[in-house]
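Hi,

Handing this one over to you, as promised. Have a look at the model first, and my notes follow below.

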Amino acid sequence: MIYTDDNYYLLAYHEGKFKHFRVDRMESVETIKVERNGLMVPVKREGKDEFDKIDMSAYTKYTFSMYGGDIEKVTMVFQNRMLNVVLDRFGKDILAVPEDKNHFRVTVPVAVSQQFFGWVFGLGKYVRIVGPEHVKEMMQKSLADIAARYE
């Protein structure tokens with residue numbers, strides 16, 4: 001169970017990958033059981049080995065509003081005034097490298113999604129994605145798609 005953005009989510013391993021289910025929207029939840037030696041027993045848990053590999057503290061930092069996406073190391077440049085915002089989002093153990101006298105650079109694991117792009121957009125002129133190139137291009141396309149709706 002994960003609590004974020006005023007909601008509880010169930011982190012589940014389903015069909016070979018992790019998925020998020022918002023608890024207040026779940027219906028008809030039941031434990032799946034099979035018969036074994038004349039007794040009904042729960043089905044063996046899938047994904048336990050994968051779940052054991054997750055650092056839950058880090059997971060909630062790079063997953064934006066529980067929207068999944070491919071986890072990638074994304075490099076961003078921020079104005080110095082945004083340091084506390086970055087530390088709040090990604091934790092105090094990140095490496096912030098000075099870019100120039102007014103900016104710093106971080107490279108952090110991020111679940112690349114529209115929610116991540118929305119977070120970046122919300123910070124406006126105070127942040128810029130600088131890599132990898134395909135993530136920059138995804139952000140540019142997302143912004144162009146939004147701009148086209150207002151033409």
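This is a predicted model: local features need pLDDT of at least 70, side-chain atom pairs count only at pLDDT 80 or more; totals for chains, interfaces and linings use all residues.

Let me start with how pockets were found: on a 1 Å grid over the protein atoms alone, a pocket is an open set of points where a 1.4 Å probe fits, with protein on both sides within 12 Å along at least five of seven lines, whereas a cavity is a set from which the probe cannot get out. Lining residues have an atom within 4 Å of a point. Grid points are joined across faces, edges and corners, and a volume is the space filled by probe spheres set on the points.

Residues are numbered from 1 along each chain as its sequence is written, and side-chain values use heavy atoms, with hydrogens and water left out.

The largest pocket holds about 730 Å³ of space. It is lined by 21 residues, and L10, A12, Y13, H14 and I32 are the closest to its centre. Strands here, like helices, are DSSP runs numbered from the N terminus (E, at least two residues, for strands; H or I, at least four, for helices). β2 (7-14) and β3 (17-22) each supply at least two residues of the lining, and β2 gives the most, with five.

The aromatic rings

Rings of Phe, Tyr and Trp (the six-membered ring for Trp) pair if their centres lie within 6.5 Å; planes under 30 degrees apart count as stacked, over 60 as edge-to-face and the rest as tilted. Searching the whole structure gives five such pairs. One of them is F78 with F104, which is stacked at 5.5 Å centre to centre and 15° between the planes. That pair links distant parts of the chain, since F78 sits in strand β6 and F104 in strand β8, 26 residues apart. Both F78 and F104 are buried (under 20% relative accessible area; exposed is over 50% and partly exposed is in between, with a 1.4 Å probe and protein chains only). F116 and F117 make a tilted pair, at 5.6 Å centre to centre with 45° between the planes. F116 is buried at a relative accessible area of 0%, and F117 is buried at 3%. Ring pairs link F78, F90, F104, F116, F117 and W119 into a cluster.

F90 is buried, with a relative accessible area of 5%, and its C-alpha is 9.9 Å from that of V106, 16 residues away in sequence. V86, L87 and F90 are the buried residues of α3. Seen down the axis of α3, they fall within an arc of 100°, so they line one face of the helix (the arc is that of the directions from the helix axis to the C-beta atoms). N84 and D88, on the other side of α3, are exposed. Just after the helix, G91 takes a positive phi of about 95°.

I94 is in the loop between α3 (83-90) and β7 (97-100). Leaving aside neighbours within four places in sequence, I94 is in contact (heavy atoms within 4.5 Å) with V86, L87, V106 and V108. I94 and T107 are 13 residues apart in sequence and 8.2 Å apart C-alpha to C-alpha.

Helix α5

The expected span of a helix is 1.5 Å times one less than its number of residues. For the 16 residues of α5 (133-148) that should be 22 Å, and the end C-alpha atoms are 22 Å apart, which agrees. V135, M139 and S142 are buried in α5. Down the axis of α5, its buried residues fall within an arc of 60°, so they line one face of the helix. They pack against β6 (70-79), β8 (103-112), α4 (114-122) and β9 (127-131).

G131 and P132 are joined by a cis peptide bond, with omega at about -5°; P132 is in the loop between β9 and α5. S28 is not a glycine but has a positive phi of about 50°. S28 lies in the loop between β3 and β4 (33-36) and counts as exposed at 73% relative accessibility. N37, also not a glycine, has a positive phi of about 55°. N37 is in the loop between β4 and β5 (39-42) and is exposed, with a relative accessible area of 77%.

Cheers
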